[in-house]
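Have a look at the model, then read on.

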Amino acid sequence: MSGPDLRRAAAARALDLVEPGMRLGLGTGSTAAAFVALLGERVRDGLDILGVPTSEATRAQAEGLGIRLATLDEQPELDLTIDGADEVDGSLRLIKGGGAALLREKIVACASHRMVVIADAAKRVDRLGAFPLPIEVNPFGLTATHRAVERAVADAGCSGAVRLRQRPDGAPLLTDGGHHILDAHLGAIPDPEALGAALWAVPGVVEHGLFLGIANAAILAAARDGQADITVLGSLA
């Protein structure tokens, strides 16, 4: 099975958690987009839910599918958020932000009673860090913040290059909130909690892509004998 097939299988399993009248956080990225597409089919068949998107890209997709939407200001308490992840470990700690929506994703997830991650099984890791850790930063004082982030990374026992994320044309990438992203290429993060605390102490850091103690479960799809084999970490209840 291909990657898109596995993402769709994980998304389909998550769709079983959706009940009429739910207030849903809608994630960002290719796997979350698969879930939104399936949700749109259910909405066309009469399912009534209210969605809060985590990015302008997700908003545009959901609007095109006829999904009823609200802002988090209009609906500040959500029942469930379904989102993807770039990495997930056995303790349901995540790295997110490959799609440059980590700030809104974390705000929405933390406003939800439950967060369920959907991904193909290749995202499951024993130790976080092979995927570059996104760190969203304010454009003001970028050079000073960049250097402070490098020091914080080293103080947390990590090593590796910290690079400004750029668009294909070479200009700095801007998030939906008008911020830049520094990607920390660390290889491994021995203590995610220590690194998260060190990054939070840096003025100019708006958010980091370590989601710690936020996800309640992860639905992971792997290919086996030509079919999607679903594994669940944590509890879907």
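At what angle do helix α5 and helix α6 pack, and how far apart are their axes? This is a predicted model, and in it α5 (residues 142–155) and α6 (residues 192–200) pack at about 155°, with axes 9 Å apart.

**α5 with α6**
- With angles over 145 degrees counted as roughly antiparallel, α5 and α6 are therefore roughly antiparallel to each other.
- Their crossing is right-handed.
- On the α5 side the contact uses Val149, Ala152 and Val153, while α6 brings Leu195, Ala198 and Leu199.
- Sorted by class, the α5–α6 contact comes out as six nonpolar residues, with no polar and no charged ones.

**α1 with α2**
- Helix α1 spans residues 3–15 and helix α2 spans residues 30–44; the two pack at an angle of about 50°, and their axes are 8 Å apart.
- That angle makes α1 oblique to α2.
- The α1–α2 crossing is right-handed.
- From α1, the residues in contact are Arg7, Arg8, Ala11, Ala12, Ala14 and Leu15.
- Facing them from α2 are Ser30, Thr31, Ala34, Phe35, Leu38, Leu39, Glu41 and Arg42.

**α2 with α3**
- α2 also packs with helix α3 (residues 56–64), at an angle of about 20° and with the axes 9 Å apart.
- The cut-off for roughly parallel is under 35 degrees, so α2 is roughly parallel to α3.
- Here too we have a right-handed crossing.
- Ala33, Val36 and Ala37 of α2 make this contact with Thr58, Gln61 and Ala62 of α3.
- Going by class, the α2–α3 contact has four nonpolar residues, two polar ones and no charged ones.

**Rings and charges**
- Which residue lies over the face of Phe211 at 4.9 Å from the ring centre? That's Lys106.
- Lys96 lies over the face of Phe211 as well, at 5.6 Å from the ring centre.
- As for aromatic pairs, with ring centres required to lie within 6.5 Å, the count is zero.

Key: Residues are numbered from 1 along each chain as its sequence is written. This is a predicted model: local features need pLDDT of at least 70, side-chain atom pairs count only at pLDDT 80 or more; totals for chains, interfaces and linings use all residues. Side-chain values use heavy atoms; hydrogens and water are left out. Axes are lines fitted to C-alpha atoms, for helices over the stretch in contact, and angles run from 0 to 180 degrees between N-to-C directions. Helices (H or I, at least four residues) and strands (E, at least two) are DSSP runs, numbered from the N terminus. Angles under 35 degrees count as roughly parallel, over 145 as roughly antiparallel, 65 to 115 as roughly perpendicular and the rest as oblique. A crossing is left-handed if the near helix is turned anticlockwise from the far one by less than a right angle, and right-handed if clockwise. Contact means heavy atoms within 4.5 Å. Rings of Phe, Tyr and Trp (its six-membered ring) pair if their centres lie within 6.5 Å; planes under 30 degrees apart count as stacked, over 60 as edge-to-face and the rest as tilted. A charge sits over a ring if NZ of Lys or CZ of Arg is within 6 Å of the ring centre and within 35 degrees of the ring normal. Ala, Val, Leu, Ile, Met, Phe, Trp, Tyr, Cys and Pro count as nonpolar, Asp, Glu, Lys and Arg as charged, and the others, Gly among them, as polar.
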